[in-house]
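Me: I would like to go through this structure and ask what stands behind each label. Please set the values against the cut-offs.

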Amino acid sequence: MLAQKSQVKRFEKQLELIIAELQKIALWQTSPPNPDAFLSEQPFALDTMQAHEWLQWIFIPRMRALIEANANLPQFALHPYFEEALKDEEANIHNLLNLIKQLDELSSSQK
């Protein structure tokens, strides 16, 4: 259980680093998207949100809810999607992509 607690702490810290980076590169929003944007049935809410919006308003809150509920964290691979979705972003996204890749690695090491 101690190893799992340590893993969850690293996961939480990685989420915080991603939030800080989104803020640093001005992709963090102070107001949520239109409520209809949350009704998307597409992966990553492709049809209603930009990638960074989905990360901020759907993914991060869901991960935090799982952590608070002491639920198992899922395995995922977000990096390929974000690499493609943000390729035309004017902000310097290199560090953000690295942080997302590190989060992917943490998720794949969940047991």
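Me: Which residues does Leu15 touch, not counting residues up to four places away in sequence?
Reply: Leu15 touches Phe59, Ile60, Met63, Arg64, Ile67 and Leu103. A contact here means heavy atoms within 4.5 Å. The model is predicted, so local features need pLDDT of at least 70 and side-chain atom pairs count only at pLDDT 80 or more, while totals for chains, interfaces and linings use all residues. Residues are numbered from 1 along each chain as its sequence is written, and side-chain values use heavy atoms, with hydrogens and water left out.

Me: What makes a set of residues a nonpolar core, and which residues have the most contacts inside the largest one?
Reply: The set must consist of buried Ala, Val, Leu, Ile, Met, Phe, Trp, Tyr and Cys residues joined through side-chain atoms within 4.5 Å. Buried means under 20% relative accessible area, exposed over 50%, and partly exposed in between (1.4 Å probe, protein chains only). The largest core has 33 residues, and Phe11, Leu15, Ile18, Trp54, Leu55, Phe59 and Phe82 have the most contacts inside it. At least two residues of this core come from each of helix 1 (2–24), helix 2 (51–68), helix 3 (79–85) and helix 4 (94–108). Helix 2 gives the largest share, eight residues.

Me: Why is the pair Glu16 and Arg64 called a salt bridge?
Reply: The term requires a side-chain nitrogen of Lys or Arg within 4 Å of a carboxyl oxygen of Asp or Glu. The closest N and O atoms of Glu16 and Arg64 are 2.6 Å apart, and the two residues form a salt bridge. Glu16 lies in helix 1 and Arg64 in helix 2, 48 residues apart, and the pair links distant parts of the chain. Side chains of opposite charge can pair when their charged atoms come close.

Me: How many salt bridges does the structure hold?
Reply: The structure holds three. Among them are Glu12 with Lys9 (3.8 Å, N to O) and Glu84 with Lys87 (2.6 Å, N to O). Glu12 and Lys9 both lie in helix 1, three residues apart, about one turn of the helix.

Me: How do you know whether Lys9 and Glu12 are buried, partly exposed or exposed?
Reply: Lys9 has a relative accessibility of 57%, so Lys9 counts as exposed. Glu12, with a relative accessible area of 28%, is partly exposed. Glu16 at 40% is partly exposed, as is Arg64 at 34%, whereas Lys87 at 52% counts as exposed.

Note on methods. Helix = DSSP H or I, 4+ residues; strand = E, 2+ residues; numbered from the N terminus.
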